[in-house]
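Please read it alongside the sequence and coordinates.

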There are 4 protein chains.
Amino acid sequence: MALVQKAQKAKEQAYCPYSKFRVGAAVLAIYSTVFLTGCNVENTSYPLGLCAEMTAISKAVSEGYISFKAIAIASDLEDCFISPCGACRQFMREFGSQWDVYMSKSDGSYKLMTVEELLPCSFGPDDLRKGKNPVGNSKL
Amino acid sequence: MALVQKAQKAKEQAYCPYSKFRVGAAVLAIYSTVFLTGCNVENTSYPLGLCAEMTAISKAVSEGYISFKAIAIASDLEDCFISPCGACRQFMREFGSQWDVYMSKSDGSYKLMTVEELLPCSFGPDDLRKGKNPVGNSKL
Amino acid sequence: MALVQKAQKAKEQAYCPYSKFRVGAAVLAIYSTVFLTGCNVENTSYPLGLCAEMTAISKAVSEGYISFKAIAIASDLEDCFISPCGACRQFMREFGSQWDVYMSKSDGSYKLMTVEELLPCSFGPDDLRKGKNPVGNSKL
Amino acid sequence: MALVQKAQKAKEQAYCPYSKFRVGAAVLAIYSTVFLTGCNVENTSYPLGLCAEMTAISKAVSEGYISFKAIAIASDLEDCFISPCGACRQFMREFGSQWDVYMSKSDGSYKLMTVEELLPCSFGPDDLRKGKNPVGNSKL
């Protein structure tokens, strides 16, 4: 599958000296034929690293896309369909919950789920709006 | 329910001048009767903020707990059971997937799901170990 | 020094199976004699981990403190005064820039700098307020 | 200045419905004439947002660059040279501390500092290696 192959190719650029765990991702926007790709970019201070999915989606947003059809994820795991971490699922969900996530094994086979299925009962843009407290925290 | 009430109480300490969205959380460790609580702690640079669930769980870890029975989450939303964001689900999942998440409304009613149900097909500690690439990225 | 000793003690609770790099922190609020402590809490998905300083400060906020006098940081490094990562400096700066950061070696000796010195020309709460664009992004 | 202009242009793609604070960044790799750009990409769950600098640098890494000459940052602020948050300084520092950061005002004027000057006494790749505890945390 083309999207998975793009994710596999993107994996080669992974900067992961700490985890040694290479991940690639490729995203396809709606009404587009352009594949935007990303890899994980780790940091000495681990919490500052970025996942491949975040890199790919933020790249797409920075190039003007905000509606997506599908994303594919690839790692070196032979026996496991690599799934997005919870943070990436939330990052995806910002741009809708009805799009496709192709989780692949290293041989290119894949499993398909929607963002909604991966993040049920999600907290999204609409929920935040409803919850605004007009008073807020005025301690500072 | 006691755990939800602790989360509601914890919400009062929320530091959320940016979102004005107050959240509280309370966690209960296995073999313990101590409730550890947290609130959201926001930052001018939004990505640096912490969710209430992260605050509560990291507090618990810093006090020696790493096995949990349940967590409750509370917000000011009247009509919505506040659910954890994807990042918090992953943060919880580090410490097991078979524990309970009580998502509450402001009146104290709640909905119960396990971490597993909130983060299906999750990527956890075991998966990382399997995927280590002995070569890694040696570009730097 | 008492604050450094508290940070060293807090380090023992570090949950760091990935980096094997244990860090502890202790914070002292203004008008308070209570030391609040934290440790690093890592995650399989590295970007979701928390640093010791974040854990300690968020714990303090969740217990009602938002003005701080000093924080101490401790690691197992013998030859290096452990300094906070950039994210932690920003996390500290949210609560003022004129407070003290004690960076210690494993023998308890330390080096002292202010948040301001560690994060010169910082971007803080006031800057965000000035920059609000009334129109925002209305693409979604 | 060309790099600042690229950052200003990149700002137009900012996805910032929550902060309404648009930021753009442009990075120039060593031995390259290609400018890689990014914008902030926010999230309903604020901690999951990405800064413009992170987007630009991760995009560059995903395209094979890991040594940088300079980065420029642009916002809508008229009276303030927009400076990177602490997390972005750490993200930059992963790829060296002797490169240039152009912090600009909305009229294109700028202030120049190095990563080192913005993040003194930083914690970088070498420090982590020194601090590895062979035992680690074996609680789980």
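## Basis of the values

A residue is called buried when its relative accessible area is under 20%, exposed when it is over 50%, and partly exposed in between, with a 1.4 Å probe and protein chains only. The model is predicted, so local features need pLDDT of at least 70 and side-chain atom pairs count only at pLDDT 80 or more, while totals for chains, interfaces and linings use all residues. Residues are numbered from 1 along each chain as its sequence is written, chains are lettered from A and ligands numbered from 1 in the order in which they are written, and side-chain values use heavy atoms, leaving out hydrogens and water.

A:Met92 belongs to helix H3 (residues 86-93) of chain A; helices are DSSP runs of H or I with at least four residues, strands are E runs of at least two, and both are numbered from the N terminus. A:Met92 counts as buried because its relative accessibility is 0%. Beyond residues up to four places away in sequence, A:Met92 touches A:Glu53, A:Ile57, A:Ile71, A:Ile73, A:Pro84, A:Trp99, A:Val101 and A:Val115, contact meaning heavy atoms within 4.5 Å. A:Ile71 is 21 residues from A:Met92 along the chain, and their C-alpha atoms are separated by 9.1 Å.

A:Glu53 lies in helix H2 (residues 52-62) of chain A and is buried, with a relative accessible area of 5%. The contacts of A:Glu53 outside four places in sequence include A:Ala25, A:Cys85, A:Cys88 and A:Met92. An unreviewed UniProt entry places the feature "active site" at A:Glu53; UniProt positions follow the numbering used here, feature names are shortened, and annotations may be inferred rather than shown by experiment.

## B:Val41

B:Val41 is located in the loop between strand E2 (35-39) and helix H2 (52-62) of chain B, and is buried at 0% relative accessible area. Apart from neighbours within four places in sequence, B:Val41 contacts residues of chain B, including B:Tyr15 and B:Leu50, and residues of chain C, including C:Phe91 and C:Phe95.

## Cavities

A cavity is a set of points, on a 1 Å grid over the protein atoms alone, where a 1.4 Å probe fits but cannot get out; lining residues have an atom within 4 Å of a point. Among the 24 residues lining the largest cavity, A:Pro47, B:Pro47, C:Pro47, D:Pro47 and D:Leu48 are the closest to its centre.

Definitions and conventions: 1 Å grid on protein atoms, 1.4 Å probe; cavity = no way out; pocket = protein on both sides within 12 Å on 5 of 7 lines; lining within 4 Å.
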